[in-house]
Structures are given as structure tokens and as C-alpha cells.
Amino acid sequence: MNPKDDGRAHPFRDSTQDAAAAERLPDTAQTRAPAYRLAFTDTDFMMREELRPVRLQLELLKPQMVLDERGIRSTVVVMGSARVRADGTGPAGAQAGWYEEARKLAHLITVESLKSYGRELVVVTGGGPGIMEAGNRGAAEAGGQSIGLNIVLPHEQAPNGYVTPDLCFNFHYFAIRKMHFLMRARAVCIFPGGFGTLDEMFEALTLIQTGRMKRVPFLLFGRAFWEKVVNWQALADEGLIAQADLSLFRFVETAEEALEAILAEE
């Protein structure tokens, strides 16, 4: 076959061909030896401590390439507690109302996203339960796609059933996962949550505050909750942040209010 006929821009043999060919070799002491394995198919080699930089690069590249191939240009980040349940049960029962608000928000955003055939304003969540599930669920109910950025945790966390399957990713490195939350973000929507939500919220705010990330609508759902959990004004009064930094985010109470703020920036 002419190498130009298979869609490749170079004449070299394809790695997939060699990986398949390596499986058909005679079974000998030499071919069974770990040293003989092709490096890119050798799981033991890829998991060595020295290969961490390569694994970091792969985790950055895989979702990036998939999203590029799908033509997804911008996202709306929906973050919040994994403990907020639709039925109001569990330890975060007092925050249960935010599940439906997150679901409604994702539905409204996805209706807008479908105007660009799902290329713009695609909902992205952490892919797990609670507020994350609500975000993916609202998108699915609107007939659109949504992204889930899961991470391997000591306690098993399966993706919620509403994430678009071929946009459901799994991460080992928190840092790379955080990058993917923000790389295409057109807006960031934060619902009440715990350590994970606070971590992601403050990291994103720090990037915007320091000019390392372009300013986008940064919406905190539930003024009463956020002013109870964080004394924002005290940080400014103590000179630990500038008074102007308090304008990097705004409080909203409803999905409709949030959508209006997001579209106002379009």
C-alpha cells in the first residue's frame, strides 16, 4: 500500500502494526523477557517512578486530543459537593435544593450549547455523584453532551450515568485534571461543597487574580452559604486581598440568573 493512502503524513510503519506483530513472535526465552517488550506497550515500564513526566504528559494529551477531535471549543464548569443528593437524604441534606438548581442550570446551558451543535458552552463536571451528577443529568435531559473528569480515589468512585460516555475521562493526577477543568472554561459555576470544591474554587480564583487565567464569569451559588463559610470582606479588611478582588466573583441564587451572567459575556 502506498503510505499516503492510509491517511498518515509520513512513510514510517505504524506503531499499531508493530504492536500487533510483536504479539505474533515465536514464544522463546528472549521474546518473553521484559526487556524485549515494546516500550509503549510495556505497562510495568510505563508505571516506573522515572516515567512520571511521561504519564503527566499523556494525561494532559488524551482528553485534549479527544475534545479537539469532537470540536469542543468552550465549556461551562459546574462544581459542588458529591454529598448533595437529589432525594435530600445523607449528611448534606440541608443543601439538597442545590441539586435541582444545578440540574436546571446545566439544562439551560446545554440548550444554548446546542445552538452551536455542542461545540460551545459544554457542561463539564467532576463526573461523580451529587452536584456533579446534577450537572451531567441536566445536560443529558436537554439532549446534549457533557464532560466528566473523574479521578481515581482510595474509595471507589464510578462515573455517574449521565456523562456522555465518550467524554468520560479518568485521571491519576489532580493537577492535570484541574487544568482540564479550566483550559476551555467560558464560565465557572460553584455550588456549595467541601474540601474538594473549596480547593478547586480557590485555585481558579488565584489563577484569575494573578492574571494567569483570563477573567471569566465566576459564579458562587448561595450567598448565605458562601458568606457563612468564607469571610470574604475580612480578607480585604486585613489587606490579605485587594478590595477589587471581591469583584472577581459574584453571588447568584438561581440558574436563570447564572445563565444571564454567562451569556452577557458572550
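## Lining of the largest cavity

In this predicted model, the residues that line the largest cavity divide into four nonpolar, no polar and three charged, where Ala, Val, Leu, Ile, Met, Phe, Trp, Tyr, Cys and Pro count as nonpolar, Asp, Glu, Lys and Arg as charged, and the others, Gly among them, as polar. The lining is made up of Met79, Lys178, Phe181, Leu182, Glu200, Glu203 and Ala204. Helix 7 (174-182) and helix 8 (195-209) are the elements that give two or more residues to this lining; helices (H or I, at least four residues) and strands (E, at least two) are DSSP runs, numbered from the N terminus.

A cavity is a set of points on a 1 Å grid over the protein atoms alone where a 1.4 Å probe fits but cannot get out, and lining residues have an atom within 4 Å of a point. The largest cavity has a volume of about 40 Å³, a volume being the space filled by probe spheres set on the points, which are joined across faces, edges and corners.

Seven strands form an open sheet in the order 4-3-2-1-5-6-7, with parallel pairing, and two strands pair if DSSP finds at least two bridges between them. The edge strands, each pairing on one side only, are strand 4 (168-171) and strand 7 (250-252).

Strand 2 (residues 122-125) and strand 3 (residues 146-151) pair in the parallel sense over three bridges, and Val124 has Ile147 in strand 3 as its bridge partner.

## Basis of the values

Residues are numbered from 1 along each chain as its sequence is written, and side-chain values use heavy atoms, with hydrogens and water left out. Local features need pLDDT of at least 70 and side-chain atom pairs count only at pLDDT 80 or more, whereas totals for chains, interfaces and linings use all residues.

Methods:
On a 1 Å grid over the protein atoms alone, a cavity is a set of points where a 1.4 Å probe fits but cannot get out, and a pocket is an open set with protein on both sides within 12 Å along at least five of seven lines; lining residues have an atom within 4 Å of a point.
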